[in-house]
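Okay, thanks for coming, everyone. Let me put the model up and we'll walk through a few spots together.

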Amino acid sequence: VDAGALRVIVVGAGPVCIRLVESLYGNFPNAHVLVCSNEPYRPYHRVWLSDFLSGDISREELDIPLPDTDGRDFNFLVSTIDDINRTEKFVTTTEGHQYFYDKLVIATGAKAYTPTITGHHLTGVYTFRNLKDTEALYARVMRARHIVIVGGGLLGCESAKALLKNNTKITLIQQASHLMNRQLDEEAGGMLQQKLEEMGIRVIVNDGVRHVEGDSRVVGIETRSKEYIECDTVL
């Protein structure tokens, strides 16, 4: 490989990263490319996690094939980048290893907001942001009796539908006046709510979760309107 070739580090290993690398090799076939991911998996389709949770697709179908590098200088590193030195152009991993670059691409995507609700640390409270979350939740739902989902955006609605397939009682709580308020107007949000309720999902709007109740594990939640809902899992 050409020692003077372009050195590129990509932080993040989602679909955007893979398309970037493929395009990069099309323009710079001799490039040195290092992809860094802080997840111990091959690249996967994050938007399909709800389909995996519902059992509609297999674990293998989530995977994104690595770029066809055809013998080019490509490396995939599972590690977290702790520091970026923009002056000397190198990154430092959690293990203390340094990698130099000519171009650095941050392709980590968005970071989901997790509300700091009292009791969010209890056993039975899950987030739904990545494959690790999904695998933990997948193992949980087989024995869950009532799941409260906090947030009525796209992911909240998708996860409610996916989790319903396990004959689990589902309550979806949305703080805004209607579901998917960032994408839908009030009329369309109402139609979506009616559809979910016809499926057997309880939908609460204009409300939120004030507390997650329990000593070591979840036994229920209290809404801001002071309704107590007994449950064993909060998402």
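Let's begin with Thr-233, which sits in strand S14, residues 233–234. Keep in mind that this is a predicted model. Is Thr-233 buried or exposed? Thr-233 counts as buried, because its relative accessibility is 0% and the cut-off for buried is under 20%. So who's around it? Leaving aside neighbours within four places in sequence, Thr-233 is in contact with Gly-124, Tyr-126, Arg-140, Ala-144, His-146, Ile-147, Val-148 and Val-218.

Next, Glu-222, over in strand S12, residues 220–223. Glu-222 is buried, and yet it has no salt bridge. Which side chain of opposite charge is nearest to Glu-222? That's Arg-210, 4.2 Å away, and a salt bridge needs the nitrogen and the carboxyl oxygen within 4 Å. Arg-210 does turn up among the contacts of Glu-222, along with Gly-208, Val-209, His-211, Glu-213 and Glu-227, again setting aside neighbours within four places in sequence.

Phi of Lys-226 is near 70°, a positive value in a residue other than glycine. I point that out because most residues other than glycine have a negative phi. Lys-226 is exposed, with a relative accessible area of 64%. Met-180 also has a positive phi, near 45°. You'll find Met-180 in the loop between strand S9 (169–173) and H6, but Met-180 is buried, at 13% relative accessibility.

Now go to the loop between strand S1 (7–11) and helix H1 (15–27), where Ala-13 is found. Ala-13 is buried too, with a relative accessible area of 14%. How far apart in space are Ala-13 and Val-35? Their C-alphas are 6.7 Å apart, although the two are 22 residues apart in sequence. Val-35 is one of the contacts of Ala-13 beyond four places in sequence, and the others are Ser-37, Pro-43, Tyr-44 and Phe-76.

Last stop, the second largest pocket, with about 220 Å³ of space. Helix H2 (49–54), helix H5 (154–164) and helix H6 (186–198) are the elements that give two or more residues to its lining. Which of them gives the most? H5 does, with 4 residues. The lining has 13 residues, and Cys-157, Glu-158, Lys-161, Ala-162 and Met-199 lie nearest the centre. By class, that lining has 5 nonpolar, 2 polar and 6 charged residues.

That's my tour, so over to you.

How values were computed: Residues are numbered from 1 along each chain as its sequence is written. This is a predicted model: local features need pLDDT of at least 70, side-chain atom pairs count only at pLDDT 80 or more; totals for chains, interfaces and linings use all residues. Side-chain values use heavy atoms; hydrogens and water are left out. Buried means under 20% relative accessible area, exposed over 50%, partly exposed in between (1.4 Å probe, protein chains only). Contact means heavy atoms within 4.5 Å. Lys and Arg count as positive and Asp and Glu as negative; His and the chain ends are not counted. On a 1 Å grid over the protein atoms alone, a cavity is a set of points where a 1.4 Å probe fits but cannot get out, and a pocket is an open set with protein on both sides within 12 Å along at least five of seven lines; lining residues have an atom within 4 Å of a point. Grid points are joined across faces, edges and corners, and a volume is the space filled by probe spheres set on the points. Ala, Val, Leu, Ile, Met, Phe, Trp, Tyr, Cys and Pro count as nonpolar, Asp, Glu, Lys and Arg as charged, and the others, Gly among them, as polar.
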